[in-house]
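This report covers a single protein chain. The sequence and coordinates come first, and the description follows.

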Amino acid sequence: MNYQKYADKAFKKIKKYGSTIIITHSGKKEYDPATNAYVDNGTSVTGVAIQRNYQQGDIDGTNIRMGDIQFMASLNGKPQSNDTIEFEGKNYTAVNVSALAPDGKTDIFYTIQAR
């Protein structure tokens, strides 16, 4: 089955209702003598996402805390836990990331728990 068409369809739906998301994975900091500063050689992943709040019944105080939010995101790369998320002018930290990939190869979209 061609799951890429489902990934493309998910991107169109999320783009229609969502906003731009930028996810930055911090890398190893290296000294740059030209600027006399340490620079982060991390990478960024961009895409579109929809922000959702957790239902009161989902909040258990341990895994999902009050104030946590969920993103459904279509991205051009793979996010990881502890990545920094920028969405609509606010910054969050990724707590848990899971991919919907029915064939184990094609990531249709990602669900990201953030604080």
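The model is predicted, so local features are given only at pLDDT of at least 70 and side-chain atom pairs only at pLDDT 80 or more, while totals for chains, interfaces and linings use all residues. Residues are numbered from 1 along each chain as its sequence is written, and side-chain values use heavy atoms, with hydrogens and water left out.

**Overall fold**

The protein chain has one helix and eight strands; here helices (H or I, at least four residues) and strands (E, at least two) are DSSP runs, numbered from the N terminus. Their order along the sequence is α-β-β-β-β-β-β-β-β. The C-alpha trace spans about 50 × 40 × 25 Å along its principal axes.

The chain has 115 residues, of which 28% count as buried. Buried means under 20% relative accessible area, exposed means over 50%, and partly exposed lies in between (1.4 Å probe, protein chains only). The accessible surface comes to about 7600 Å², and 47% of this surface belongs to carbon and sulfur atoms. Accessible areas come from the Shrake-Rupley method with a 1.4 Å probe, and for residues only the protein chains shown count as cover. A contact means heavy atoms within 4.5 Å. Of the contacts between residues at least 6 apart in sequence, 52% join residues at least 24 apart.

**Charges**

Lys5, Lys9, Lys12, Lys13 and Lys16 form a positive surface patch. Patches are made of residues with over 30% relative accessible area and no salt bridge, with like charges joined within 9 Å and nonpolar side chains (Val, Leu, Ile, Met, Phe, Trp, Tyr) within 5 Å.

**Salt bridges**

A salt bridge is a side-chain nitrogen of Lys or Arg within 4 Å of a carboxyl oxygen of Asp or Glu. By this rule there are two salt bridges.

| Pair | N to O distance |
|---|---|
| Arginine 115, aspartate 68 | 2.8 Å |
| Aspartate 107, lysine 78 | 3.7 Å |

Arginine 115 forms its salt bridge with aspartate 68. This pair links distant parts of the chain, 47 residues apart: arginine 115 is in the segment after strand 8 (109-114), and aspartate 68 is in the loop between strand 4 (43-53) and strand 5. Arginine 115 is partly exposed at 32% relative accessible area, whereas aspartate 68 is buried at 6%.

The other bridge joins the side chains of aspartate 107 and lysine 78. Aspartate 107 lies in the loop between strand 7 (90-100) and strand 8, and lysine 78 in the loop between strand 5 and strand 6 (84-87), so the pair ties together parts that are 29 residues apart in sequence. Aspartate 107 is partly exposed, with a relative accessible area of 22%; lysine 78 counts as exposed, at 58%.

**Two residues of strand 5**

Glutamine 70 is placed in strand 5 (residues 69-75) and is buried, with a relative accessible area of 15%. Apart from neighbours within four places in sequence, glutamine 70 is in contact with Ile50, Gln51, Arg52, Tyr54, Thr111 and Ile112.

Serine 74 also lies in strand 5 and is buried, with a relative accessible area of 10%. Residues up to four places away in sequence not counted, serine 74 touches Phe11, Ile14, Thr46, Gly47 and Val48.

**Positive phi angles**

Asparagine 36 is not a glycine, yet its phi is positive, near 55°. Asparagine 36 sits in the loop between strand 2 (29-32) and strand 3 (37-40) and counts as exposed at 58% relative accessibility. Asparagine 82 likewise has a positive phi, about 75°, although it is not a glycine. Asparagine 82 is in the loop between strand 5 and strand 6 and counts as exposed at 64% relative accessibility.

How values were computed. Lys and Arg count as positive and Asp and Glu as negative; His and the chain ends are not counted. The place of a charge is taken as NZ of Lys, CZ of Arg, CG of Asp or CD of Glu.
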